[in-house]
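This report asks how one protein chain is arranged. The sequence and structure come first.

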Amino acid sequence: MLFKEAAALDAKPIEQVQERKLVKPRSRRKRKEALTGLMYALPALVLLLLFRYWPLVFGMWISLWKWGYVPERFVGFDNYMRVFREDLIVNDPMSGLQLGEVGQAFMVTIFYAIGTIPLTLLLSFFVSYVLFHITKGKTLLRVLFFLPYITSQVAAAIVFKWIFHPSVGLANSAVNFFGGTPQQWLTDPDPILVKLLNALGGSWPASIPTAFAGPTWALGVVILFSIWSSLGFQIVVFLSGMTQIPHDLTEAARIDGARTWNVIRHITLPLLSPTWFLLTIVSVIGAFESFNAFYVFSGGEGGPLGSTMSLPLYIFRSFYVYGQVGYASAVSMLLFILLLGLTWLQLRYGEKKVHYMH
């Protein structure tokens with residue numbers, strides 16, 4: 001008995017040594033695998049740091065300087081204070097408080113987002129639902145709806161400018177055909193709501209800046225173009241989400257007598273909530289970063305009277321046209337903070353209403 005206990009005590013150190021010998025090669029193997037994976041990912045990481053994060057950090061640094069085409073002097077947060085003191089809201093001695101250049105650009109961007117995001121989401125869902133359930137010509141229709149998304153935005157915007165040309169455009173030709181009054185689509189500075197009130201015999205209150213009166217015809221054309229060009233992408237994403245919905249659920253609901261609207265309301269929409277959630281976040285970011293359409297339709301000027309001057313276009317003009325590099329960087333940092341806050345709010349409160357399939 002004593003011999004067996006002694007043998008067992010002698011065997012324990014040997015087993016521990018063997019375990020240590022096994023652990024060391026495993027840990028070395030894991031370190032080697034991690035190092036190999038890091039080496040494979042290193043080129044992508046370097047590109048990400050150089051072209052994604054370094055410009056962000058450098059832009060923050062530039063925003064703290066009075067920086068023309070070359071750095072002049074360090075000014076701290078003066079560029080940011082200029083935005084809030086001078087360019088966001090202006091106290092006009094004649095007309096009182098008015099929106100400054102940044103404030104007006106912000107309102108234009110808000111109107112653009114309100115005009116594009118809900119309409120694009122609803123239209124894309126409706127079209128994708130129809131395309132998902134038809135049997136003939138499905139592939140051809142999907143290609144036709146996706147073509148505007150892969151078409152050059154600049155080339156397509158130039159065609160749209162011709163369509164809404166006041167003299168030779170198809171839009172005014174259609175208005176003439178139906179007996180309406182031709183419009184100066186891209187040059188009329190009056191907001192649509194002001195024109196509507198004037199047509200009804202009223203007038204816009206002088207105490208409220210006309211920047212709050214809604215979009216002009218020019219901004220409406222930009223909104224229409226953006227809906228047309230981005231519809232195909234969202235249709236494809238919705239179709240991808242619909243393919244993930246189990247066919248048994250909709251089939252069982254129809255057997256039980258559920259109508260099409262009930263199936264959409266109680267099955268399709270809840271199970272598509274992750275897709276809606278994703279597209280909403282992407283659409284908000286895209287709306288606040290939209291630049292190409294505004295630049296082409298206004299010729300880079302943001303006219304008429306700043307009614308198509310979005311925040312990205314204002315940053316571009318401050319940077320490249322006026323050479324205010326530090327100030328433009330400050331405005332771009334504020335736009336970045338705004339988008340970061342909006343995305344956080346969507347993730348914080350919107351995800352609670354998302355139903356994931358398990």
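The model is predicted: local features need pLDDT of at least 70, side-chain atom pairs count only at pLDDT 80 or more, and totals for chains, interfaces and linings use all residues. Residues are numbered from 1 along each chain as its sequence is written, and side-chain values use heavy atoms, without hydrogens and water.

The chain has 14 helices and four strands; these are DSSP runs numbered from the N terminus, with helices being H or I of at least four residues and strands E of at least two. The radius of gyration is 29 Å, whereas a compact globule of 358 residues would have one near 21 Å (taken over C-alpha atoms; the rule is 2.2 Å times the number of residues to the power 0.38). Further values for the chain are tabulated here.

| Property | Value |
|---|---|
| Span of the C-alpha trace along the principal axes | about 115 × 75 × 35 Å |
| Residues that count as buried | 35% of 358 residues |

Buried means under 20% relative accessible area, with a 1.4 Å probe and protein chains only. Areas come from the Shrake-Rupley method with a 1.4 Å probe, and for residues only the protein chains shown count as cover.

A nonpolar core is a set of buried Ala, Val, Leu, Ile, Met, Phe, Trp, Tyr and Cys residues joined through side-chain atoms within 4.5 Å. In the largest, which has 55 residues, Leu 219 and Phe 297 touch the most other members. Helix H3 gives the most to this core, with 11 residues. Leaving aside residues up to four places away in sequence, Phe 297 touches Ala 157, Phe 160, Lys 161, Leu 186, Val 221, Val 222 and Phe 225 (contact: heavy atoms within 4.5 Å). A second, separate core of eight residues includes Ile 62, Leu 64, Val 325 and Met 333.

Helix H13 spans residues 311-321, and its buried residues include Leu 311, Tyr 314, Ile 315 and Arg 317. Among the elements that cover them are helix H2 (78-87), helix H3 (101-133) and helix H14 (325-350). After H13 comes Gly 323, with a positive phi near 70°.

On the surface, a nonpolar patch with about 1,200 Å² of accessible area together includes Leu 35, Met 39, Phe 51 and Tyr 53. Leu 35 lies in helix H1 (residues 2-62). Patch residues have over 30% relative accessible area and no salt bridge, and nonpolar side chains (Val, Leu, Ile, Met, Phe, Trp, Tyr) are joined within 5 Å. A salt bridge is a side-chain nitrogen of Lys or Arg within 4 Å of a carboxyl oxygen of Asp or Glu.

Key. Buried means under 20% relative accessible area, exposed over 50%, partly exposed in between (1.4 Å probe, protein chains only). Patches are made of residues with over 30% relative accessible area and no salt bridge: like charges are joined within 9 Å, nonpolar side chains (Val, Leu, Ile, Met, Phe, Trp, Tyr) within 5 Å.
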